[in-house]
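Please keep the sequence and the three-dimensional picture side by side while you read, and look up each element as it is mentioned. The paragraphs below go from the sheets to a few single residues.

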Amino acid sequence: MLLHTGERVRHPHANVPPSTSRQRPVRLVTASSVSPASAGDVDQRLAALRCPYCRGTLEVHDVPTPAEGRGRWGLLRCSCREHPLIDDIVILNDGSLGHMSEADAGVVLPGPSVADVVARLREGRTSTVLSTLLVRPPAPHRLSGRRIPRWVATASPIAREMARLRRPLIGAVLRRRRDTMTAERWLHLTYRRTALPGDLYNHFFMRFGQPRMLAALALLEGMPDGPIVDLCSGYGHLLHTLGTTRPAIAVDQSFLSLWVSRWYVAPHALHVCADANRTLPLRDGAATSAVCSDAFCYLSDLPARAAELVRVAGGGPVVLARLGNVAHAPHEGTEHTVEGWRGMLSALGPVRMWTEDELQATYLSNRTADPTIDGPDLEGGKWLCAAIGDGLAAEAALSDPAPHHRGRLVRNPLYVSDGDDERFAFPSEWYAAENGSLTDLLPGRVDPHHRTPSGPGDLTIVGVPDRYC
Ligand SMILES: C[S@@+](CC[C@H](N)C(=O)[O-])C[C@H]1O[C@@H](n2cnc3c(N)ncnc32)[C@H](O)[C@@H]1O
Ligand SMILES: [Zn+2]
């Protein structure tokens, strides 16, 4: 995701309101009441994990669940230390549990240290731990949406004070409205009035059906059965779309994203808070495949990161989605030429590459990618995807329903009510610049009575988790 793109994209029928505008999807099917995966799962699934420091096994020791909590709380003991388990989120990190930027390594707000959280759990002082970890500082009203120095919005005393004032609100939401909240509402609470550039609220809220996600799915649908590791899993969108019956391990450094993912988007996954720039806290072969989507370029020492993914996938396929081709602007994070990426990754196994555009077209023709050959015109593409290893299934038709129709069907939130119709409208210039090809993929207007996908390529309807919106 580009935070400083100056690129303008054609969007003929798009109305472009301010970047914080919020479009509500129309419900097409009533939400069923869903109980998240049982907390007892956490114990059984710990076997896939290991302490990233001593590499030892982890054993849970319960602590009382505070009023703010729902899931499992405890201390995970290995031979070198104790790690927090908070509301089903396993924390295998050290240092600060602050908020980092979604798009680079910058700190948004320093948080409590892991050691402090462990001490609070040990002493039973758990009442405000969760709300403290879920607060992100809103920008003061007058600064909201303005380009201001990052430190003012993040590490300054103003930001800390805004976060301190907001904590009781998050605590009250947890105690009184937790079960009726949705991912959409948590995203809104998190990104509304942000002083950071970009339109992160809409980027994440409108992730289902995004062209770059369709491109990744053309590869991911060929992953073998069995557990999958999603590194830098964010809010869990991919894991929902990959199907809720596939065992999954979500790893991210952001406690907040993991927590929203656990309780509102991908409750079936085991959620692990860890730094992807270190040895992963997963056993060799903890899964049969692994993916890192829209995040690899923000990591450091990329050959080591890719090697870790191959290790935890047990030699099964590893998909890296959205790698930047340095030959073309705009630039984002670490980029290489096509041959540069191939040279780096081929030390780990056979490598195939495709452009995102090619994979998107493959997906929309209702096919998975052919894993035996590279896609065409790699040099001409800005965004590339790579697969390491031989284990992707042969090219085939997509499953029925198509992956982006899995879950509860809702109108794609890119449509707004307009008279008797619903009209396609980008929510912000930034979103339009990031997802310009949607103007070619979506009709300008839809009939509100159109509630069942007309076919696998219908993007006017997307499948979302039950507790999404
Ligand atoms: C743009 S989001 C992509 C999320 C998700 N993969 C998706 O496709 O929707 C980038 C994610 O990378 C995570 N991330 C960035 N650096 C990380 C690191 N060093 N360790 C773990 N996660 C990291 C961020 O917290 C964020 O959730
Ligand atoms: Zn240890």
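Two strands are said to pair if DSSP finds at least two bridges between them. Helices (H or I, at least four residues) and strands (E, at least two) are themselves DSSP runs, and they are numbered from the N terminus. The model is a predicted one, in which local features need pLDDT of at least 70 and side-chain atom pairs count only at pLDDT 80 or more, while totals for chains, interfaces and linings use all residues. Residues are numbered from 1 along each chain as its sequence is written, and chains are lettered from A and ligands numbered from 1 in the order in which they are written.

With these terms in hand, we can turn to strand β10, which covers residues 289-293. A residue counts as buried if 20 or more other C-beta atoms lie within 10 Å of its own, as exposed if 12 or fewer do, and as partly exposed in between, with the C-beta atoms placed from the backbone. Five of the five residues of β10 are buried, so the strand is largely enclosed by the rest of the structure. From this strand S289, V291 and S293 point one way, whereas A290 and C292 point the other way.

What are the partners of β10? On the one hand, strand β7 (residues 228-231) pairs with β10 in the parallel sense over four bridges, and L231 stands opposite C292. On the other hand, β10 is joined to β11 by four bridges, and these two strands also run parallel; here S293 has A321 of β11 as its bridge partner. Between β10 and β11 the chain passes through helix α11 (residues 302-312), and this β-α-β crossover is right-handed, a word used if, with the strands pointing away from the viewer, the path from the first strand over the helix to the second runs clockwise.

These strands belong to an open sheet of 11 strands, whose order is β1-β2-β3-β4-β9-β8-β7-β10-β11-β13-β12 and whose pairing is mixed. At its edges stand β1 (59-62) and β12 (351-355), each of which pairs on one side only. Neighbouring strands of this sheet are turned against each other by 25 degrees on average, direction ignored; for such angles, axes are lines fitted to C-alpha atoms, for helices over the stretch in contact, and the angles run from 0 to 180 degrees between N-to-C directions.

With 18 C-beta neighbours inside 10 Å, E82 counts as partly exposed. Leaving aside residues up to four places away in sequence, E82 touches L75, L76, R77 and V118, where a contact requires that the C-beta atoms of two residues, placed from the backbone, lie within 7 Å. E82 and C51 are 31 residues apart in sequence, and their C-alpha atoms are 9.6 Å apart in space.

There is also an open sheet of three strands, in the order β15-β16-β17 and with antiparallel pairing. Its edges are formed by β15 (415-418) and β17 (445-446), each with a single partner strand, so one side of each is left without a neighbour in the sheet. Four bridges hold the antiparallel pair of β15 and β16 (residues 421-424), and D418 has D421 as its bridge partner.

Finally, some loops have backbone features to look for. The peptide bond from A329 to P330 is cis, with omega near -5 degrees, and P330 is found in the loop between β11 (318-324) and α12 (338-345). A cis peptide bond also leads from D400 to P401, with omega near 0 degrees, and P401 lies in the loop between β13 and β14 (408-411). In the loop between α1 (41-45) and β1 lies R55, a residue other than glycine whose phi is positive, near 65 degrees. D377, in the loop between α13 (356-364) and β13, is likewise not a glycine and has a positive phi, near 50 degrees. Because D377 has 11 C-beta neighbours inside 10 Å, it counts as exposed, whereas R55, with 13, counts as partly exposed.
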